[in-house]
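Subject: Structure for you to look at

Hello,

Here is the structure I promised to send over. Please open it first, then read my notes below.

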Amino acid sequence: MAIVVVLEMPGMTQAQYEQSADKVAGRPGPVKSPDDWPVAGLISHTSAPMDDGWLVVDVWESEEAFREFGKILLPILQEIGLSDVEPRTFPVFNVVTR
């Protein structure tokens, strides 16, 4: 079952987001494709600035796929100074893509 993952990261800057994306992709530059992720299963990724930080909303094929990614992501976030990020997950009811 697909899931939505919401990460609200107060205090995160655009520079920190870009740094984390570089580390996720294993190379410099923006992430533009699910192939840029180190594990399979990403359906969509959206990021946006908030008043006090950064927001990421992902859709994953399964909770298991996200758990595998979380093993990579959470240490990256800790490395860039965000140690208390708590992903929230929700079962997907519907996904529409272009």
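Of the 98 residues of the protein chain, 37% count as buried. Buried means under 20% relative accessible area, exposed means over 50%, and partly exposed is in between (1.4 Å probe, protein chains only). This is a predicted model: local features need pLDDT of at least 70, side-chain atom pairs count only at pLDDT 80 or more, and totals for chains, interfaces and linings use all residues. Residues are numbered from 1 along each chain as its sequence is written, and side-chain values use heavy atoms, with hydrogens and water left out.

Overall fold

The protein chain has two helices and four strands. From the N terminus on, the order is β-α-β-β-α-β. The radius of gyration is 13 Å, close to the 13 Å that the globule rule gives for 98 residues, so the chain is as compact as a globular protein of that length. That radius is taken over C-alpha atoms, and the rule is 2.2 Å times the number of residues to the power 0.38. Helices (H or I, at least four residues) and strands (E, at least two) are DSSP runs, numbered from the N terminus.

The C-alpha trace spans about 30 × 30 × 25 Å along its principal axes. Take the contacts with a separation of 6 or more: residues 24 or more positions apart account for 67% of them. Contact means heavy atoms within 4.5 Å. The chain exposes about 6100 Å², and carbon and sulfur atoms supply 52% of that. Accessible areas come from the Shrake-Rupley method with a 1.4 Å probe; for residues, only the protein chains shown count as cover.

Helix 2

Helix 2 covers residues 63-79, 17 residues in total. From first C-alpha to last it reaches 24 Å, close to the 24 Å expected at 1.5 Å a residue. The expected span is 1.5 Å times one less than the number of residues. Helix 2 bends by about 35 degrees at glycine 70. The bend is the angle between axes fitted to the seven residues ending there and the seven starting there.

The buried residues of helix 2 are Ala65, Phe66, Phe69, Gly70, Leu73, Ile76 and Leu77. They pack against strand 1 (3-10), helix 1 (14-25), strand 3 (53-60) and strand 4 (88-91). Proline 75 also sits in helix 2, but it is partly exposed, at 40% relative accessible area. After helix 2 comes glycine 81, with a positive phi near 100 degrees.

Aromatic pairs

Rings of Phe, Tyr and Trp (its six-membered ring) pair if their centres lie within 6.5 Å; planes under 30 degrees apart count as stacked, over 60 as edge-to-face and the rest as tilted. By this rule there are four aromatic pairs. The rings of tyrosine 17 and tryptophan 54 have centres 5.4 Å apart and planes at 25 degrees, so this pair is stacked. It links distant parts of the chain: tyrosine 17 is in helix 1, tryptophan 54 is in strand 3, and they are 37 residues apart. Tyrosine 17 is buried at 12% relative accessible area, and tryptophan 54 is buried at 7%. Ring pairs also join Trp60, Phe66 and Phe69 into a cluster.

Methionine 12

Methionine 12 lies in the loop between strand 1 and helix 1. Its relative accessible area is 4%, so it is buried. Leaving out residues up to four places away in sequence, methionine 12 touches Tyr17, Ser20, Gly53, Trp54, Leu77, Ile80 and Leu82.

Best wishes
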